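Biologist: I'm new to this one. Can you put it up and walk me through a few spots?
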Amino acid sequence: MLKLIIGNRAYSSWSLRGWLALKQSALPFETVLIPMDTPEWVDGSAKTLMPSGKVPTLWDGDIAVWDSLAIIDWLADHLRTARISRGHFWPHDPAARAFARSMCAEMHSGYAALRAGCSMNLKRDYPGYVPTPEVAADIARIDALWTEARTRFHSIDDAHDGPFLFGTLSAADIMFAPVVTRFKTYGIALSETSAAYVAEMLSHPWMIEWTDAAKAETYPFNRDYFEQHGGVDGGVPA
């Protein structure tokens with residue numbers, strides 16, 4: 001059975017992506033959570049199953065695949081090689097697939113201001129949050145991409161007739177899922193199209209399952225201290 005190593009569900013955005021990818025594949029897998037911010041995490045002794053020292057890591061037998069985007073591609077290749085039709089990851093239409101891959105790559109490497117200013121937190125909400133100009137620019141870019149995906153590629157064929165970025169749930173939705181939670185956590189105002197998309201994603205059974213488990217976590221984590229005392233260095237929660 002496949003084994004996925006994750007960190008705290010409440011805070012680990014990359015773990016969410018890896019887990020959603022496994023759910024999308026419909027392959028059986030085991031989830032192993034390693035609490036972050038423990039002495040064992042800091043000294044590295046808890047990371048023996050993580051070649052990069054980070055989560056998520058997927059183990060397929062004795063083969064390790066780390067990084068969420070690599071996990072998506074590994075699973076897509078596995079399903080294609082096995083000729084399994086379930087577990088759709090990429091749009092079939094070439095233009096839609098190119099757009100989806102570009103969006104995922106941009107999410108993977110970009111939006112530094114959003115990551116720093118609006119970290120993932122499934123335990124609290126910040127309805128009065130005011131984004132910096134840099135964070136606002138990231139938000140506007142993401143809103144524009146989501147709107148283009150929904151309007152340009154929606155219903156180009158039966159596979160795209162659905163409520164997600166390219167119709168049915170795909171790698172693009174998986175890669176942007178933590179951003180969806182951030183926009184809810186920080187009360188971010190979005191266009192009508194993007195707001196509707198956020199609502200669809202948050203109501204998906206897998207997102208509900210992950211969020212409920214995250215809220216039930218009781219692992220000690222320094223972020224709790226920082227947020228109760230005005231954020232890191234008294235600023236915006238990290």
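Biologist: Which residues does Ser13 touch, not counting residues up to four places away in sequence?

Modeller: Ser13 touches Met120, Pro178 and Arg182. Contact here means heavy atoms within 4.5 Å. One caution: this is a predicted model, where local features need pLDDT of at least 70, side-chain atom pairs count only at pLDDT 80 or more, and totals for chains, interfaces and linings use all residues. Residues are numbered from 1 along each chain as its sequence is written, and side-chain values use heavy atoms, with hydrogens and water left out.

Biologist: Is Ser13 buried or exposed?

Modeller: Ser13 counts as buried because its relative accessibility is 8%. Buried means under 20% relative accessible area, exposed over 50%, and partly exposed in between (1.4 Å probe, protein chains only).

Biologist: Where is Ser13 found?

Modeller: In helix H1, residues 13–25. Helices (H or I, at least four residues) and strands (E, at least two) are DSSP runs, numbered from the N terminus.

Biologist: At what angle do H1 and H7 pack?

Modeller: About 130°, with the axes 8 Å apart; H7 covers residues 171–185. That makes H1 oblique to H7. Axes are lines fitted to C-alpha atoms, for helices over the stretch in contact, and angles run from 0 to 180 degrees between N-to-C directions. Under 35 degrees is roughly parallel, over 145 roughly antiparallel, 65 to 115 roughly perpendicular, and the rest oblique.

Biologist: Which residues make the contact?

Modeller: From H1, Ser13, Trp14, Leu16, Arg17, Leu20, Ala21 and Gln24. From H7, Ile174, Met175, Ala177, Pro178 and Arg182.

Biologist: New topic. How many disulfides does a search of the whole structure find?

Modeller: The search finds 0 disulfides. A disulfide is a pair of cysteine sulfur atoms within 2.5 Å.

Biologist: Are Cys104 and Cys118 buried or exposed?

Modeller: Cys104 counts as buried, at 1% relative accessibility. Cys118 is buried too, at 1%.

Biologist: And the backbone? Which peptide bond is cis?

Modeller: The one from Val55 to Pro56, with omega near 0°. Pro56 lies in the loop between helix H2 (39–43) and strand E3 (57–60). Most peptide bonds are trans, and most residues other than glycine have a negative phi.

Biologist: What is the phi of Ala26?

Modeller: Near 65°, a positive value in a residue other than glycine. Ala26 sits in the loop between H1 and strand E2 (29–33). At 42% relative accessibility, Ala26 is partly exposed.

Biologist: What about the phi of Asp67?

Modeller: Also positive, near 85°. Asp67 is in the loop between strand E4 (63–66) and H3. Its relative accessible area is 28%, so Asp67 is partly exposed.
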